[in-house]
Amino acid sequence: MRHLMNALDLSVSEINNLIALAETIIEEPTRYSEICKGKKLATCFYEPSTRTRLSFESAMLNLGGQVLGFSSADSSSASKGESVSDTIRVISSYADICAMRHPKEGAPLVASMHSSIPVINAGDGGHNHPTQTLTDLLTIKNMKGHLDNLTIGMCGDLKFGRTVHSLIEAMVRYSNVKFVLISPDELKIPDYLRKDTLDSNGIDYKEVNILEDVLPELDILYMTRVQRERFFNEEDYIRLKDSFILDKRKMKLAPEDMLVLHPLPRVNEISTDVDDDPRAAYFKQAQYGVYIRMALIMTLLEVIPECWK
Ligand code: NCD
């Protein structure tokens, strides 16, 4: 039995297999509509979510399975003081697989250590969000055709944005990938990522704070929201929240084939006047989240075991 805590829990060939499986689903959406019949997915969400939780549920329903769960800590026994390890012991006897989101870094990992069913980290604090990364990789692969030879701009809250952390860790394993990290000084990527992931792998990257200057050199622009809930004080959030706003005027500086991605939810960082631009791929990206989660559920439940090859 395997869990998914971090994008690095999967080898590059396992990720490529998941992407290939998701692409078969895109071509033939009903092909696996019965494969998880009789299986249940539990979504245990201790933090707000729209896309992640509902795309997991949609994915399981598309596979013929069923779903149960809770969508806030308040509506679970966490509000009575129950630990995640006790909760998962119990959920293990109610469901076949569990997707868990938690505000504390490492909580899904603790759950996985006490679980007898596969646990998927659906976002742990400011740390990791591996299934968003799988979604991002599928989007890039399907829309660009490849995952190597890319210059990726990441813009916004690179300090607390867990989707950025997981995506950097996953993308450094493809060849000739360069990063342009665009953020205010206070919201730069954490030191551990700079040292252990970028520097130690000899990755080409630069850290800048003006978006306009670097737009012409990007293949992908990954915008992110300033993560209000992770700030220690509201004043800092207010000062930093509108550091970068992508709009129609700035899009004129970007290459014609650059993709704009965003894990969503968006606040102000992408003006709605960008939505009609053919390069805006963020709503499509949310749709890809269902296909890759279908592939992941099938793989972790080993209903098509050849995936692990
Ligand atoms: C992201 C998250 O929860 O980290 N949302 C998502 O899962 N698509 C990004 C965010 O909340 O800003």
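This note comments on strand pairing and helix packing in the structure above.

1. The model is a predicted one, in which local features need pLDDT of at least 70 and side-chain atom pairs count only at pLDDT 80 or more, while totals for chains, interfaces and linings use all residues. Residues are numbered from 1 along each chain as its sequence is written, and side-chain values use heavy atoms, with hydrogens and water left out.

2. An open sheet of 4 strands has the order S2-S1-S3-S4 with parallel pairing, where strands are DSSP runs of E with at least two residues, helices are runs of H or I with at least four, and both are numbered from the N terminus; two strands count as paired if DSSP finds at least two bridges between them. Strand S2 (66–70) and strand S4 (119–124) are at the edges with a single partner strand each, so one side of each has no neighbour in the sheet. Neighbouring strands of this sheet are turned against each other by 15 degrees on average, direction ignored.

3. Within that order, strand S1 (residues 40–45) and strand S3 (residues 97–102) are joined in the parallel sense by 5 bridges, and Ala42 stands opposite Cys98 in S3. Helix H3 (residues 84–91) lies across S1, S3 and S4 and runs at about 155 degrees to S3; here axes are lines fitted to C-alpha atoms, for helices over the stretch in contact, and angles run from 0 to 180 degrees between N-to-C directions.

4. Strand S8 (residues 220–223) pairs in parallel with strand S5 (residues 150–155) through 4 bridges, with Met154 opposite Tyr222, and pairs in the parallel sense with strand S9 (residues 259–261) over 3 bridges, where Leu259 is the bridge partner of Ile220. From S8, Ile220 and Tyr222 point one way and Leu221 and Met223 the other way, and all are buried, meaning under 20% relative accessible area with a 1.4 Å probe and protein chains only.

5. The axes of helix H5 (residues 130–144) and helix H11 (residues 282–300) come within 8 Å and cross at roughly 110 degrees. H5 and H11 are therefore roughly perpendicular to each other, a term that covers angles of 65 to 115 degrees. Their contact (heavy atoms within 4.5 Å) involves residues including Leu134, Leu138 and Met143 of H5 and Tyr288, Ile292 and Leu296 of H11. By class, the contact of H5 with H11 has 7 nonpolar, 7 polar and 3 charged residues, where Ala, Val, Leu, Ile, Met, Phe, Trp, Tyr, Cys and Pro count as nonpolar, Asp, Glu, Lys and Arg as charged, and the others, Gly among them, as polar.

Note on methods. Buried < 20%, exposed > 50% of the residue type's maximum accessible area, 1.4 Å probe, protein only. Parallel < 35°, antiparallel > 145°, perpendicular 65-115°, else oblique.
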